[in-house]
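This report covers the architecture of a two-chain model, with the sequence and coordinates shown below.

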Amino acid sequence: MPEVLTAPLTVEFPFTRSLGPVQSAFLTGLRERVVLGVRTGDGRVLVPPVEYDPVTADEIRDLVEVAPTGTVTTWAWNHEPRRGQPLDTPFAWVLVRLDGADTALLHALDAPGPDAVHTGMRVRVRWAAEREGAITDIACFESYDGEQEQPTGHSGEFADAITKIVTPARLDYRYSPGRAQTAYLRALADRRTVGERCPSCHKVYVPPRGACPTCGVATTEQVEVGPAGTVTTFCIVNIKAKNLDIEVPYVYAHIALDGAGLALHGRIGGIPYDQVRMGLRVEPVWTEGARHPDHYRPTGEPDAEYDTYKELL
Amino acid sequence: MSKEPVAVVGVGQTKHVAARRDVSIAGLVREAARAALDDAELTWADVDAVVIGKAPDFFEGVMMPELYLADALGAVGKPMLRVHTAGSVGGSTALVAANLIAGRVHGTVLTLAFEKQSESNAMWGLSLPIPFQQPLLAGAGGFFAPHVRAYMRRTGAPDHIGSLVAYKDRRNALKNPCAHLHEHDITLEKVQASPMLWDPIRYSETCPSSDGACAMVLTDRAGAARAPRPPAWMLGGAMRSEPTLFAGKDFVSPQAGKDCAADVYRQAQIADPRRDIDAVEMYVPFSWYEPMWLENLGFADEGEGWKLTESGVTELDGDLPVNMSGGVLSTNPIGASGMIRFAEAVLQVRGQAGEHQVEGARRVLGHAYGGGSQFFSMWLVGSERPGS
């Protein structure tokens, strides 16, 4: 069996977060080297703070400053830090119950090795030199054998509080289009369009997916379609998308290649955009080195009758 | 054993806007949930389970947000689950909640759907750079515009129908304090003069991008008997799916939509929807979908839907008002949009729709669709308990 194509797919976006009153105070506090928790209805202090009481569901807004020193409640050694983690040398993930808090905060502990970490050890915040109102304003925790530091009794009110943060998210995938589409893409390299026929309903899928979505059976018989086809419907795109390098206006069309059981999508060129019509007969235009036809252009044949393609709309 | 009748006794919505920068996601859903509980005069303790819905995680970048929202929704120590069916999710979510009542699993369920579109970009979320594929498409409008053209060709509908729908829905929105767009100076000429984005779809014929949440309290007969205000009763509810693309798919009038409506009408013993249903809140993100869905849902024969729109039948004071609230064209927090349709249907039969109330509405359909016209969810609610 020929090798199936794969390629990296990275999905990345800078999401924004409106913080609401509690997270706004918490993150602004970190900027000012103040760690804030919130007091619940039953008198516990939660760090990091939440907006709603986990027991009563009441709105809670009683912010309480806790100390920058605390105790490790549990931990796990990270042998191989990855991109975006708090430290670039091996470190411990720790849950730290800060002095004055009833719950523990997840962060990183800078330590020479796992032998230097134990549950119950005393630690304190190592503040980042540059702080902007983010959890990374705590660079990490470090071992600490001094006295418990006392909070200043901060009210949680700040001038110039931050209300929004940007949280860039990124996912790295390995994408494979699968056997059927790999064969389709290989045929495109020879400028041939090859679909697959369903053994049950006999419709030809272009591009093929390896199975017929209607009948639920595998498709294996390869069938060459086109090269010419019929524009079944289209729109004229007048807005430029950020990720597309296509001049507007352009025609985005559904094209039923001759012999195909459904339309594929392509751009129409070689004709003014306002003269494109349903039923127009078109053929692919290839450019050197491109994987797909650059666009489709009129063949010069008479337009297809509506009845010949209306089932493909 | 027969099903337990399902009543809606509480409805809550946020004021939908482009960006709610003053609240977190938790704060946003909380507002709608609190409003629904207040409407039902219930507390968090009265709720047995929470069913929540939203659009794909990429739309906000919070994976499994339902886990973090348990505190805000009083769900600690209770069952909480999430439903996900793309744009139809608000409707599907309500139906999953309703089934928990109908199956007598729970007595009272809080159901809620939301989207904070300002925290992401839906156009980005819908156009991930899949390897080996040719990037061609510019947003959801580019996907749906060719199907609108196919509808126009199939039915001979004149060009101005899409603008009539947008003009109607934007005027209806002026009577709905929760609607996002309040275009006080809207005119038909302005709609028609707005730029063509994806010809044949104009800018003013597309939905906005909104932050908002919608919640409902669903309960059984005992809960309805305790309710302070008249309940709405579910007369029928159904979901259907089909693949995004397949040979023989009818994008103009998908089979799954027809089947879903037929199932609802069978449950509710509706012989003729045009005669037996008083008003519709349907999912119309691009204005031409009003005549398309009128046909798909059986309110008009094939090719005739646009005539109902053109003759004013779907106006607020028409014979079959459609999208009295202003619809998705005026408010679109994607994940919540389907539930808003369902909730607005409830407000109508409870007589609580305020300025956009249809006088004497007794049976109103709520409709949602999602993905590439592949997920459908609908419910019919009435002022009278079924079988009573």
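Predicted model: local features only at pLDDT ≥ 70, side-chain atom pairs only at ≥ 80, totals over all residues.

A:P249 is found in the loop between β14 and β15 (250–257) of chain A.

B:P200 sits in the loop between β5 and β6 (201–202) of chain B. Most residues other than glycine have a negative phi, and most peptide bonds are trans.

## Positive phi values

A:R33 has a phi near 60°, which is positive although the residue is not glycine. Its place is the loop between α1 and β2 of chain A. A:R33 counts as partly exposed because 15 other C-beta atoms lie within 10 Å, a number between the limits of 12 for exposed and 20 for buried.

In chain B, the phi of B:R104 is likewise near 60°, a positive value in a residue other than glycine. B:R104 belongs to the loop between α3 and β4 of chain B. With 11 C-beta neighbours inside 10 Å, B:R104 is classed as exposed, since 12 or fewer is the criterion.

Chain A is assigned two domains: domain 1 covers 7–170 and domain 2 covers 178–312. Taken over C-alpha atoms, the centres of domain 1 and domain 2 of chain A are 53 Å apart.

Three strands of chain A make an open sheet in the order β3-β2-β4, with antiparallel pairing. The edges are β3 (45–46) and β4 (63–66) of chain A; each has a single partner strand, so one side of each has no neighbour in the sheet. Strand β2 (residues 35–39) of chain A pairs with β3(A) in the antiparallel sense over two bridges, and A:R39 stands opposite A:V45 in β3(A). Helix α1 (residues 20–31) of chain A lies across β2 and β4 of chain A and runs at about 155° to β2(A).

## Strand β4 of chain B

How many residues of strand β4 (residues 108–116) of chain B are buried? Nine of the nine are, so β4(B) is largely enclosed by the rest of the structure. In a regular strand the side chains alternate between the two faces of the sheet. Both faces of β4(B) are covered: one side has B:T108, B:L110, B:L112, B:F114 and B:K116, the other has B:V109, B:T111, B:A113 and B:E115, and all are buried.

Strands of a sheet pair through backbone hydrogen bonds, either parallel or antiparallel. Strand β2 (residues 49–53) of chain B is joined to β4(B) by five bridges and runs parallel to it; B:V51 stands opposite B:T111 in β4(B). Strand β7 (residues 211–219) of chain B is joined to β4(B) by nine bridges, and these two strands run antiparallel. The bridge partner of B:E115 in β7(B) is B:G212.

## Helix packing in chain B

Two packed helices are described by the angle between their axes and the distance between the axes. For helix α3 (residues 89–102) and helix α14 (residues 334–349) of chain B, the axes come within 5 Å and cross at roughly 60°. That angle makes α3(B) oblique to α14(B).

On the α3(B) side the contact is made by B:V89, B:G90, B:G91, B:T93 and B:A94, and on the α14(B) side by B:G335, B:A336, B:S337, B:G338, B:M339, B:I340, B:R341 and B:F342. By class, the residues of this contact are six nonpolar, six polar and one charged.

## Contact between the chains

In the interface, 48 residues of chain B are in contact with 49 residues of chain A. On the chain B side, the elements that give two or more residues are α1 (25–40), α5 (139–155) and β5 (196–199) of chain B. The largest share of that side, seven residues, comes from α5(B). The chain B side divides into 28 nonpolar, 10 polar and 10 charged residues.

Strand pairing also links the chains. Strand β14 (residues 229–237) of chain A pairs with β5(B) in the antiparallel sense over two bridges. In this pairing, A:I236 stands opposite B:D199 in β5(B).

Technical notes: Residues numbered from 1 in each chain as written. Chains lettered and ligands numbered in written order. Domains from an automatic or database assignment. Contact = placed C-beta atoms within 7 Å. Helix = DSSP H or I, 4+ residues; strand = E, 2+ residues; numbered from the N terminus. Nonpolar A, V, L, I, M, F, W, Y, C, P; charged D, E, K, R; others polar. Pairing = 2+ DSSP bridges. Axes fitted to C-alpha atoms, helices over the stretch in contact; angles between N-to-C directions. Parallel < 35°, antiparallel > 145°, perpendicular 65-115°, else oblique.
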